[in-house]
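Me: I would like to go through this chain with you. Could you look at the structure and take my questions as they come?

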Amino acid sequence: MCGIVGLVGKSDVNLALYDALTMLQHRGQDAAGIMTCDGGKFAQQKALGLVKDVFRTRHMQRLVGNIGIGHVRYPTAGSSGPALAQPFYVNSPYGIALAHNGNLTNSAQLSDDLFKDDLRHVNTDSDSEVLLNVFAHELHEQGKLKPGAEDVFNAVKGVHKRVRGGYAAVAMIASYGLLAFRDPNGLRPLVFGSRDVDGGTEYMVASESVALDTLGFKLIRDVAPGEAIFICANGNLHTKQCAENPKLSPCIFEHVYFARPDSIMDGVSVYKARLRQGEKLAAKIMRDIPDHDIDVVVPIPDSSRVAGQAVAQAMGIKFREGLVKNRYIGRTFIMPGQQQRKKSVRQKLNAIRLEFEGKNVLLVDDSIVRGTTCQQIIQMAREAGANKVYFASAAPAVEYPNVYGIDMPTSKELIAHGLDTEEVCKEIGADVLIYQDLDDLVAASAEGNSEITEFDCSVFDGCYVTGDIDEQYFNWLEAQRSDKAKNKRSAQSGEQQAMVGINNEG
(Lines give C-alpha, C1' and ligand atoms only; values in the text may rest on other atoms or scores of the structure.)
Protein backbone atom coordinates (compact mmCIF):
# COMPACT_ATOMS: atom_id res chain seq x y z
CA MET A 1 0.00 0.00 0.00
CA CYS A 2 1.26 3.46 -0.90
CA GLY A 3 0.04 7.03 -0.92
CA ILE A 4 0.07 9.30 -3.97
CA VAL A 5 -0.65 12.97 -4.56
CA GLY A 6 -0.57 15.33 -7.55
CA LEU A 7 -1.00 19.11 -7.74
CA VAL A 8 -1.47 21.73 -10.43
CA GLY A 9 -1.23 25.16 -8.83
CA LYS A 10 -0.79 28.80 -9.64
CA SER A 11 2.52 28.97 -7.77
CA ASP A 12 5.13 26.54 -6.43
CA VAL A 13 3.51 23.36 -5.12
CA ASN A 14 6.46 21.89 -3.19
CA LEU A 15 5.28 22.77 0.33
CA ALA A 16 1.72 21.67 -0.42
CA LEU A 17 2.99 18.31 -1.67
CA TYR A 18 5.05 17.90 1.49
CA ASP A 19 2.02 18.62 3.68
CA ALA A 20 -0.14 16.21 1.68
CA LEU A 21 2.41 13.40 1.98
CA THR A 22 2.58 13.98 5.71
CA MET A 23 -1.19 13.38 5.85
CA LEU A 24 -0.70 10.16 3.85
CA GLN A 25 2.26 8.89 5.89
CA HIS A 26 0.14 6.05 7.32
CA ARG A 27 0.04 4.52 3.83
CA GLY A 28 3.79 4.00 3.61
CA GLN A 29 6.83 4.33 5.85
CA ASP A 30 9.57 2.86 3.68
CA ALA A 31 10.35 5.81 1.39
CA ALA A 32 9.05 9.16 0.19
CA GLY A 33 9.55 11.31 -2.89
CA ILE A 34 8.47 14.51 -4.62
CA MET A 35 9.01 15.58 -8.22
CA THR A 36 8.09 18.97 -9.65
CA CYS A 37 8.14 20.51 -13.10
CA ASP A 38 9.16 24.08 -13.99
CA GLY A 39 9.66 25.29 -17.52
CA GLY A 40 9.67 21.75 -18.84
CA LYS A 41 12.43 20.64 -16.46
CA PHE A 42 11.95 18.13 -13.63
CA ALA A 43 13.41 18.40 -10.14
CA GLN A 44 13.18 15.60 -7.61
CA GLN A 45 14.02 14.49 -4.10
CA LYS A 46 13.38 10.95 -2.88
CA ALA A 47 14.98 8.62 -0.35
CA LEU A 48 14.29 5.95 2.22
CA GLY A 49 12.57 7.14 5.38
CA LEU A 50 9.61 9.11 6.65
CA VAL A 51 8.48 12.32 4.96
CA LYS A 52 9.94 14.47 7.75
CA ASP A 53 13.34 12.81 7.30
CA VAL A 54 13.54 12.80 3.50
CA PHE A 55 12.96 16.51 2.84
CA ARG A 56 14.97 19.49 4.08
CA THR A 57 14.88 23.23 3.31
CA ARG A 58 17.62 22.83 0.70
CA HIS A 59 15.51 20.27 -1.14
CA MET A 60 12.45 22.52 -1.14
CA GLN A 61 14.49 25.35 -2.62
CA ARG A 62 15.15 23.35 -5.76
CA LEU A 63 11.73 21.66 -5.97
CA VAL A 64 10.21 24.57 -7.87
CA GLY A 65 7.31 24.53 -10.28
CA ASN A 66 3.53 24.79 -10.27
CA ILE A 67 3.03 21.10 -11.14
CA GLY A 68 4.19 18.21 -9.00
CA ILE A 69 3.57 14.68 -7.76
CA GLY A 70 4.49 12.90 -4.55
CA HIS A 71 4.61 9.39 -3.13
CA VAL A 72 4.98 7.53 0.17
CA ARG A 73 5.91 3.88 -0.19
CA TYR A 74 5.88 0.63 1.58
CA PRO A 75 7.03 -2.40 -0.38
CA THR A 76 4.58 -5.02 -1.63
CA ALA A 77 5.72 -7.62 -4.15
CA GLY A 78 8.96 -5.79 -4.88
CA SER A 79 12.11 -5.22 -2.88
CA SER A 80 12.96 -2.36 -0.57
CA GLY A 81 15.77 0.09 -1.23
CA PRO A 82 16.67 3.60 -2.39
CA ALA A 83 16.35 2.71 -6.08
CA LEU A 84 12.69 1.84 -5.57
CA ALA A 85 11.64 5.15 -4.04
CA GLN A 86 9.13 6.94 -6.26
CA PRO A 87 8.30 8.84 -8.44
CA PHE A 88 9.96 7.09 -11.38
CA TYR A 89 10.99 8.95 -14.53
CA VAL A 90 11.59 8.28 -18.23
CA ASN A 91 12.92 10.70 -20.84
CA SER A 92 10.94 9.43 -23.80
CA PRO A 93 8.47 10.56 -24.92
CA TYR A 94 8.37 14.18 -23.71
CA GLY A 95 9.64 13.37 -20.21
CA ILE A 96 7.23 11.52 -17.93
CA ALA A 97 7.25 11.00 -14.16
CA LEU A 98 4.85 8.62 -12.40
CA ALA A 99 3.91 7.49 -8.89
CA HIS A 100 1.71 4.47 -8.29
CA ASN A 101 -0.32 2.81 -5.55
CA GLY A 102 -1.28 -0.83 -6.06
CA ASN A 103 0.08 -4.02 -7.57
CA LEU A 104 0.07 -5.32 -11.14
CA THR A 105 -0.76 -9.01 -11.30
CA ASN A 106 0.79 -9.47 -14.77
CA SER A 107 3.94 -7.41 -14.21
CA ALA A 108 6.27 -10.30 -15.15
CA GLN A 109 4.63 -10.71 -18.56
CA LEU A 110 4.54 -6.94 -19.06
CA SER A 111 8.26 -6.66 -18.31
CA ASP A 112 8.96 -9.29 -20.94
CA ASP A 113 6.72 -7.53 -23.48
CA LEU A 114 8.32 -4.17 -22.79
CA PHE A 115 11.76 -5.58 -23.52
CA LYS A 116 10.92 -7.74 -26.55
CA ASP A 117 8.18 -5.74 -28.26
CA ASP A 118 8.36 -2.15 -26.99
CA LEU A 119 12.18 -2.08 -26.79
CA ARG A 120 12.07 -0.40 -23.40
CA HIS A 121 14.40 -1.07 -20.47
CA VAL A 122 13.09 -1.59 -16.92
CA ASN A 123 15.77 -1.00 -14.33
CA THR A 124 14.14 -2.36 -11.14
CA ASP A 125 11.75 -5.08 -10.05
CA SER A 126 9.07 -2.48 -9.26
CA ASP A 127 5.77 -2.90 -11.06
CA SER A 128 5.40 0.89 -10.82
CA GLU A 129 8.31 1.28 -13.24
CA VAL A 130 6.58 -1.27 -15.47
CA LEU A 131 3.37 0.78 -15.38
CA LEU A 132 5.29 3.94 -16.26
CA ASN A 133 6.94 2.31 -19.26
CA VAL A 134 3.68 0.82 -20.53
CA PHE A 135 2.07 4.26 -20.39
CA ALA A 136 5.13 5.90 -21.99
CA HIS A 137 5.02 3.42 -24.87
CA GLU A 138 1.29 3.90 -25.40
CA LEU A 139 1.71 7.69 -25.42
CA HIS A 140 4.59 7.41 -27.87
CA GLU A 141 2.33 5.36 -30.14
CA GLN A 142 0.04 8.39 -30.52
CA GLY A 143 2.80 9.91 -32.66
CA LYS A 144 2.24 13.55 -31.72
CA LEU A 145 4.88 16.23 -31.35
CA LYS A 146 2.59 18.04 -28.90
CA PRO A 147 0.11 15.68 -27.23
CA GLY A 148 -3.36 16.87 -26.27
CA ALA A 149 -5.83 15.53 -23.74
CA GLU A 150 -7.28 13.00 -26.22
CA ASP A 151 -3.82 11.60 -26.95
CA VAL A 152 -3.22 11.15 -23.23
CA PHE A 153 -6.59 9.44 -22.79
CA ASN A 154 -5.91 7.11 -25.72
CA ALA A 155 -2.64 6.13 -24.05
CA VAL A 156 -4.51 5.33 -20.82
CA LYS A 157 -6.93 3.19 -22.84
CA GLY A 158 -3.91 1.23 -24.06
CA VAL A 159 -2.71 0.84 -20.47
CA HIS A 160 -6.06 -0.57 -19.35
CA LYS A 161 -6.01 -3.10 -22.21
CA ARG A 162 -2.54 -4.37 -21.29
CA VAL A 163 -2.37 -4.06 -17.51
CA ARG A 164 -4.15 -6.18 -14.90
CA GLY A 165 -4.37 -5.73 -11.15
CA GLY A 166 -5.05 -2.83 -8.83
CA TYR A 167 -3.57 0.59 -9.60
CA ALA A 168 -4.11 4.27 -8.98
CA ALA A 169 -1.48 6.52 -10.52
CA VAL A 170 -0.46 10.14 -10.91
CA ALA A 171 1.89 11.24 -13.68
CA MET A 172 3.45 14.43 -15.02
CA ILE A 173 4.17 15.02 -18.68
CA ALA A 174 6.82 17.72 -18.93
CA SER A 175 5.39 21.03 -20.18
CA TYR A 176 1.96 19.50 -20.80
CA GLY A 177 0.24 18.69 -17.52
CA LEU A 178 -0.80 16.27 -14.79
CA LEU A 179 -2.52 12.92 -15.34
CA ALA A 180 -4.30 10.66 -12.85
CA PHE A 181 -6.00 7.34 -13.59
CA ARG A 182 -7.52 4.39 -11.74
CA ASP A 183 -7.85 0.69 -12.57
CA PRO A 184 -11.13 -0.50 -14.16
CA ASN A 185 -12.25 -2.16 -10.91
CA GLY A 186 -11.52 0.83 -8.70
CA LEU A 187 -9.55 -1.39 -6.34
CA ARG A 188 -7.22 1.33 -5.14
CA PRO A 189 -8.63 4.69 -3.98
CA LEU A 190 -8.18 8.02 -5.74
CA VAL A 191 -9.98 11.35 -5.27
CA PHE A 192 -9.63 14.84 -6.69
CA GLY A 193 -10.62 18.32 -5.63
CA SER A 194 -10.09 22.02 -6.27
CA ARG A 195 -9.61 25.33 -4.52
CA ASP A 196 -9.89 28.90 -5.75
CA VAL A 197 -6.88 31.18 -5.31
CA ASP A 198 -5.70 34.46 -6.74
CA GLY A 199 -5.12 33.76 -10.39
CA GLY A 200 -7.62 30.96 -10.83
CA THR A 201 -8.35 27.38 -9.74
CA GLU A 202 -5.88 24.83 -8.42
CA TYR A 203 -6.45 21.06 -8.66
CA MET A 204 -5.27 18.21 -6.49
CA VAL A 205 -5.52 14.40 -6.68
CA ALA A 206 -4.70 12.10 -3.76
CA SER A 207 -5.18 8.60 -2.38
CA GLU A 208 -7.42 9.89 0.42
CA SER A 209 -9.67 12.90 0.90
CA VAL A 210 -7.97 13.80 4.17
CA ALA A 211 -5.02 15.17 2.17
CA LEU A 212 -7.37 17.53 0.33
CA ASP A 213 -9.09 18.63 3.54
CA THR A 214 -5.84 19.64 5.20
CA LEU A 215 -4.84 21.89 2.32
CA GLY A 216 -8.22 23.54 1.92
CA PHE A 217 -9.25 21.76 -1.27
CA LYS A 218 -12.91 20.96 -1.80
CA LEU A 219 -13.53 17.32 -2.66
CA ILE A 220 -15.10 17.11 -6.11
CA ARG A 221 -15.47 13.32 -6.25
CA ASP A 222 -13.61 10.05 -6.58
CA VAL A 223 -11.89 9.23 -9.82
CA ALA A 224 -14.20 6.58 -11.28
CA PRO A 225 -12.93 3.06 -12.07
CA GLY A 226 -11.16 3.18 -15.43
CA GLU A 227 -11.40 6.97 -15.58
CA ALA A 228 -8.54 9.35 -16.31
CA ILE A 229 -8.31 13.04 -15.50
CA PHE A 230 -5.86 15.35 -17.22
CA ILE A 231 -5.10 18.87 -16.05
CA CYS A 232 -3.26 20.93 -18.61
CA ALA A 233 -0.33 23.12 -17.59
CA ASN A 234 -2.65 26.12 -17.98
CA GLY A 235 -5.09 24.64 -15.46
CA ASN A 236 -7.87 23.30 -17.69
CA LEU A 237 -9.46 20.06 -16.39
CA HIS A 238 -10.36 17.19 -18.73
CA THR A 239 -11.92 13.84 -17.73
CA LYS A 240 -12.75 10.69 -19.71
CA GLN A 241 -13.73 7.07 -19.11
CA CYS A 242 -10.89 5.01 -20.63
CA ALA A 243 -11.90 1.42 -19.79
CA GLU A 244 -14.28 -0.76 -21.77
CA ASN A 245 -16.09 -2.47 -18.89
CA PRO A 246 -15.45 -0.58 -15.65
CA LYS A 247 -17.01 -1.80 -12.42
CA LEU A 248 -16.56 -0.33 -8.96
CA SER A 249 -15.17 -3.03 -6.64
CA PRO A 250 -13.17 -1.14 -4.01
CA CYS A 251 -10.92 -2.93 -1.54
CA ILE A 252 -12.85 -3.33 1.71
CA PHE A 253 -9.62 -3.65 3.72
CA GLU A 254 -9.17 0.11 3.26
CA HIS A 255 -12.21 0.55 5.52
CA VAL A 256 -10.97 -2.08 7.96
CA TYR A 257 -7.40 -0.91 8.48
CA PHE A 258 -5.48 1.21 6.01
CA ALA A 259 -7.43 4.40 5.48
CA ARG A 260 -7.63 7.19 8.01
CA PRO A 261 -11.06 7.37 9.68
CA ASP A 262 -11.48 11.00 8.59
CA SER A 263 -11.27 10.04 4.90
CA ILE A 264 -14.16 9.49 2.52
CA MET A 265 -13.67 6.81 -0.15
CA ASP A 266 -16.11 6.18 -2.98
CA GLY A 267 -18.71 8.11 -1.06
CA VAL A 268 -18.24 6.05 2.12
CA SER A 269 -17.12 7.70 5.36
CA VAL A 270 -14.42 5.43 6.77
CA TYR A 271 -15.34 6.62 10.27
CA LYS A 272 -19.00 5.70 9.84
CA ALA A 273 -18.08 2.35 8.28
CA ARG A 274 -15.96 1.49 11.33
CA LEU A 275 -18.76 2.56 13.67
CA ARG A 276 -21.10 0.19 11.88
CA GLN A 277 -18.47 -2.56 12.01
CA GLY A 278 -18.42 -2.16 15.78
CA GLU A 279 -22.20 -2.19 16.09
CA LYS A 280 -22.50 -5.37 14.03
CA LEU A 281 -19.63 -6.98 15.91
CA ALA A 282 -21.36 -6.19 19.21
CA ALA A 283 -24.55 -7.85 17.96
CA LYS A 284 -22.61 -11.01 17.09
CA ILE A 285 -20.86 -11.09 20.47
CA MET A 286 -24.21 -10.86 22.25
CA ARG A 287 -25.62 -13.64 20.03
CA ASP A 288 -22.64 -15.95 20.56
CA ILE A 289 -22.15 -15.35 24.29
CA PRO A 290 -25.39 -13.82 25.64
CA ASP A 291 -24.37 -14.58 29.24
CA HIS A 292 -20.95 -12.96 28.94
CA ASP A 293 -19.13 -11.57 31.93
CA ILE A 294 -17.13 -8.85 30.15
CA ASP A 295 -16.22 -5.93 32.42
CA VAL A 296 -14.47 -3.57 30.03
CA VAL A 297 -13.79 -3.03 26.30
CA VAL A 298 -10.22 -2.06 25.37
CA PRO A 299 -9.34 -1.19 21.74
CA ILE A 300 -5.96 -1.96 20.21
CA PRO A 301 -4.87 1.47 18.96
CA ASP A 302 -5.26 3.11 16.57
CA SER A 303 -7.31 1.66 13.72
CA SER A 304 -9.68 -0.34 15.97
CA ARG A 305 -10.54 2.54 18.31
CA VAL A 306 -13.72 3.61 16.47
CA ALA A 307 -15.07 0.06 16.22
CA GLY A 308 -14.16 -0.57 19.86
CA GLN A 309 -16.12 2.48 21.00
CA ALA A 310 -19.16 1.28 19.05
CA VAL A 311 -18.86 -2.22 20.55
CA ALA A 312 -18.79 -0.83 24.09
CA GLN A 313 -21.72 1.50 23.52
CA ALA A 314 -23.89 -1.16 21.87
CA MET A 315 -23.18 -3.65 24.67
CA GLY A 316 -23.49 -1.13 27.48
CA ILE A 317 -20.00 -1.88 28.77
CA LYS A 318 -17.30 0.52 29.92
CA PHE A 319 -14.83 1.63 27.25
CA ARG A 320 -11.27 2.23 28.40
CA GLU A 321 -7.99 3.13 26.71
CA GLY A 322 -6.06 0.38 28.42
CA LEU A 323 -3.22 0.26 25.92
CA VAL A 324 -0.95 3.25 25.39
CA LYS A 325 0.74 3.60 22.02
CA ASN A 326 4.25 4.85 21.39
CA ARG A 327 3.63 7.05 18.36
CA TYR A 328 7.25 6.91 17.28
CA ILE A 329 7.00 3.27 16.27
CA GLY A 330 5.62 2.49 12.82
CA ARG A 331 2.62 0.34 11.96
CA THR A 332 3.58 -3.25 12.84
CA PHE A 333 1.35 -4.66 10.08
CA ILE A 334 3.87 -3.44 7.50
CA MET A 335 7.09 -4.27 9.31
CA PRO A 336 9.28 -6.32 6.93
CA GLY A 337 10.07 -9.39 9.03
CA GLN A 338 8.50 -11.54 11.75
CA GLN A 339 11.22 -10.90 14.32
CA GLN A 340 11.06 -7.16 13.75
CA ARG A 341 7.27 -7.25 14.13
CA LYS A 342 7.54 -9.13 17.43
CA LYS A 343 10.03 -6.64 18.79
CA SER A 344 7.99 -3.66 17.58
CA VAL A 345 4.77 -4.77 19.32
CA ARG A 346 6.44 -4.52 22.72
CA GLN A 347 8.01 -1.19 21.82
CA LYS A 348 4.74 0.13 20.41
CA LEU A 349 2.20 -0.72 23.14
CA ASN A 350 2.15 -0.75 26.92
CA ALA A 351 -0.72 -1.86 29.16
CA ILE A 352 -2.22 0.30 31.92
CA ARG A 353 -2.44 -2.22 34.76
CA LEU A 354 -5.40 -0.47 36.45
CA GLU A 355 -7.62 -1.24 33.45
CA PHE A 356 -6.75 -4.95 33.36
CA GLU A 357 -6.11 -6.17 36.88
CA GLY A 358 -8.82 -8.56 38.07
CA LYS A 359 -11.10 -7.81 35.11
CA ASN A 360 -12.62 -9.77 32.25
CA VAL A 361 -11.40 -7.74 29.27
CA LEU A 362 -12.68 -7.63 25.69
CA LEU A 363 -9.87 -6.60 23.35
CA VAL A 364 -11.08 -5.26 19.99
CA ASP A 365 -8.79 -5.20 16.96
CA ASP A 366 -9.47 -4.33 13.33
CA SER A 367 -8.27 -7.72 12.04
CA ILE A 368 -5.97 -10.66 12.69
CA VAL A 369 -3.39 -11.32 9.97
CA ARG A 370 -0.31 -13.23 11.16
CA GLY A 371 -1.48 -13.31 14.75
CA THR A 372 1.85 -11.95 16.00
CA THR A 373 0.46 -8.69 17.36
CA CYS A 374 -2.69 -9.99 19.04
CA GLN A 375 -0.83 -12.92 20.58
CA GLN A 376 1.61 -10.60 22.33
CA ILE A 377 -1.10 -8.13 23.36
CA ILE A 378 -3.14 -10.91 24.94
CA GLN A 379 -0.03 -11.94 26.85
CA MET A 380 0.47 -8.31 27.92
CA ALA A 381 -3.13 -8.21 29.18
CA ARG A 382 -2.58 -11.34 31.27
CA GLU A 383 0.68 -9.98 32.66
CA ALA A 384 -1.23 -6.82 33.63
CA GLY A 385 -3.55 -8.97 35.74
CA ALA A 386 -6.53 -9.65 33.45
CA ASN A 387 -8.79 -12.42 34.72
CA LYS A 388 -10.15 -13.39 31.28
CA VAL A 389 -9.21 -12.09 27.85
CA TYR A 390 -11.86 -12.05 25.15
CA PHE A 391 -10.68 -11.06 21.66
CA ALA A 392 -12.93 -9.65 18.93
CA SER A 393 -11.92 -8.88 15.34
CA ALA A 394 -13.88 -6.22 13.42
CA ALA A 395 -13.05 -8.20 10.26
CA PRO A 396 -13.56 -11.86 9.32
CA ALA A 397 -10.70 -14.34 9.35
CA VAL A 398 -7.96 -13.36 6.88
CA GLU A 399 -7.28 -16.57 4.98
CA TYR A 400 -5.87 -15.47 1.61
CA PRO A 401 -3.11 -13.11 0.41
CA ASN A 402 -3.93 -9.71 -1.03
CA VAL A 403 -2.62 -9.38 -4.59
CA TYR A 404 -3.74 -5.82 -5.37
CA GLY A 405 -1.31 -3.72 -3.38
CA ILE A 406 -1.43 -4.74 0.30
CA ASP A 407 1.59 -6.67 1.50
CA MET A 408 -0.22 -9.48 3.26
CA PRO A 409 1.93 -12.56 3.70
CA THR A 410 1.61 -15.85 1.91
CA SER A 411 -1.22 -18.18 2.89
CA LYS A 412 1.15 -20.28 4.98
CA GLU A 413 1.98 -17.24 7.13
CA LEU A 414 -1.67 -16.27 7.75
CA ILE A 415 -2.74 -17.64 11.12
CA ALA A 416 -6.32 -18.35 10.01
CA HIS A 417 -5.33 -20.28 6.89
CA GLY A 418 -6.23 -23.91 7.58
CA LEU A 419 -7.35 -23.24 11.16
CA ASP A 420 -10.89 -22.82 12.48
CA THR A 421 -11.87 -20.16 15.01
CA GLU A 422 -11.27 -22.38 18.05
CA GLU A 423 -7.82 -23.34 16.81
CA VAL A 424 -6.87 -19.69 16.18
CA CYS A 425 -8.22 -18.78 19.61
CA LYS A 426 -5.95 -21.36 21.20
CA GLU A 427 -3.00 -20.25 19.09
CA ILE A 428 -3.25 -16.59 20.14
CA GLY A 429 -3.97 -17.47 23.78
CA ALA A 430 -7.44 -15.90 24.16
CA ASP A 431 -10.26 -17.31 26.26
CA VAL A 432 -12.81 -16.54 23.52
CA LEU A 433 -12.34 -15.34 19.94
CA ILE A 434 -15.10 -13.68 17.91
CA TYR A 435 -14.72 -12.80 14.22
CA GLN A 436 -16.96 -10.39 12.32
CA ASP A 437 -19.18 -12.11 9.73
CA LEU A 438 -18.30 -11.20 6.13
CA ASP A 439 -21.88 -10.24 5.28
CA ASP A 440 -21.89 -7.82 8.21
CA LEU A 441 -18.56 -6.30 7.19
CA VAL A 442 -19.80 -5.72 3.64
CA ALA A 443 -23.05 -4.25 4.94
CA ALA A 444 -21.14 -1.86 7.21
CA SER A 445 -19.41 -0.35 4.17
CA ALA A 446 -22.23 -0.69 1.63
CA GLU A 447 -24.59 1.25 3.87
CA GLY A 448 -22.46 4.33 3.16
CA ASN A 449 -23.03 4.14 -0.62
CA SER A 450 -25.83 2.05 -2.08
CA GLU A 451 -24.33 2.38 -5.57
CA ILE A 452 -21.45 0.07 -4.64
CA THR A 453 -22.73 -3.42 -5.44
CA GLU A 454 -19.47 -5.29 -4.92
CA PHE A 455 -16.38 -4.97 -2.72
CA ASP A 456 -13.09 -6.75 -3.16
CA CYS A 457 -13.08 -9.13 -0.17
CA SER A 458 -10.45 -11.48 -1.56
CA VAL A 459 -8.42 -11.69 1.66
CA PHE A 460 -11.51 -13.14 3.34
CA ASP A 461 -13.20 -15.21 0.62
CA GLY A 462 -10.44 -15.89 -1.93
CA CYS A 463 -12.47 -14.35 -4.80
CA TYR A 464 -10.20 -12.14 -6.92
CA VAL A 465 -12.13 -9.71 -9.10
CA THR A 466 -9.56 -9.57 -11.91
CA GLY A 467 -10.05 -13.29 -12.57
CA ASP A 468 -6.38 -13.97 -13.35
CA ILE A 469 -5.10 -15.36 -10.04
CA ASP A 470 -4.11 -19.04 -10.05
CA GLU A 471 -1.81 -21.44 -8.20
CA GLN A 472 1.14 -20.43 -10.36
CA TYR A 473 0.71 -16.81 -9.34
CA PHE A 474 0.49 -17.76 -5.67
CA ASN A 475 3.74 -19.70 -5.98
CA TRP A 476 5.43 -16.66 -7.51
CA LEU A 477 3.95 -14.46 -4.79
CA GLU A 478 5.31 -16.72 -2.06
CA ALA A 479 8.77 -16.44 -3.54
CA GLN A 480 8.45 -12.64 -3.35
CA ARG A 481 6.60 -12.10 -0.07
CA SER A 482 7.60 -14.75 2.42
CA ASP A 483 9.56 -13.51 5.42
CA LYS A 484 12.47 -15.68 4.32
CA ALA A 485 12.57 -14.02 0.91
CA LYS A 486 12.26 -10.53 2.41
CA ASN A 487 15.03 -11.12 4.91
CA LYS A 488 17.31 -12.32 2.12
CA ARG A 489 16.56 -9.24 0.00
CA SER A 490 17.02 -6.98 3.01
CA ALA A 491 20.46 -8.45 3.67
CA GLN A 492 21.44 -8.03 0.01
CA SER A 493 20.19 -4.44 0.00
CA GLY A 494 22.22 -3.68 3.12
CA GLU A 495 25.36 -5.08 1.52
CA GLN A 496 24.81 -3.02 -1.63
CA GLN A 497 24.28 0.18 0.34
CA ALA A 498 27.45 -0.44 2.34
CA MET A 499 29.42 -0.96 -0.85
CA VAL A 500 28.28 2.10 -2.74
CA GLY A 501 27.77 4.46 0.20
CA ILE A 502 24.20 5.50 -0.51
CA ASN A 503 23.80 9.28 -0.52
CA ASN A 504 20.44 10.37 0.87
CA GLU A 505 20.68 13.67 -0.93
CA GLY A 506 18.89 11.94 -3.84
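Me: Which share of the contacts between residues at least 6 apart in sequence join residues at least 24 apart?
Reply: In the chain, 71% of the contacts between residues at least 6 apart join residues at least 24 apart; contact means heavy atoms within 4.5 Å.

Me: And what am I looking at, before we go on?
Reply: This is a predicted model, in which local features need pLDDT of at least 70 and side-chain atom pairs count only at pLDDT 80 or more, while totals for chains, interfaces and linings use all residues. Residues are numbered from 1 along each chain as its sequence is written, and side-chain values use heavy atoms, with hydrogens and water left out.

Me: How many helices and strands are there?
Reply: The chain has 17 helices and 22 strands. These are DSSP runs numbered from the N terminus, with helices (H or I) of at least four residues and strands (E) of at least two.

Me: What is the strand order in the parallel open sheet?
Reply: Its five strands follow the order E17-E16-E20-E21-E22. Two strands count as paired if DSSP finds at least two bridges between them.

Me: Which strands stand at its edges?
Reply: Strands E17 (318–319) and E22 (432–435) do; each has a single partner strand, so one side of each lacks a neighbour in the sheet.

Me: How many bridges link E21 and E22?
Reply: Four bridges join E22 to E21 (residues 388–393) in the parallel sense. Phe391 stands opposite Leu433 in E22.

Me: Which helix packs there?
Reply: Helix H13 (residues 421–428) packs on the sheet and touches E21 and E22, its direction making about 125° with that of E22. Axes are lines fitted to C-alpha atoms, for helices over the stretch in contact, and angles run from 0 to 180 degrees between N-to-C directions.

Me: Now the antiparallel one. What is its order?
Reply: That open sheet has seven strands, ordered E3-E2-E4-E1-E10-E9-E11. Its edge strands, E3 (41–48) and E11 (218–222), each pair on one side only. The twist averages 15° from one strand to the next.

Me: How many bridges between E1 and E4?
Reply: Six bridges join E1 (residues 3–8) to E4 (residues 67–73), and the two run antiparallel. Leu7 stands opposite Gly68 in E4.

Me: Changing topic, what share of the residues is buried?
Reply: Buried residues account for 60% of the 506 in the chain, where buried means under 20% relative accessible area (1.4 Å probe, protein chains only).

How values were computed. Buried < 20%, exposed > 50% of the residue type's maximum accessible area, 1.4 Å probe, protein only.
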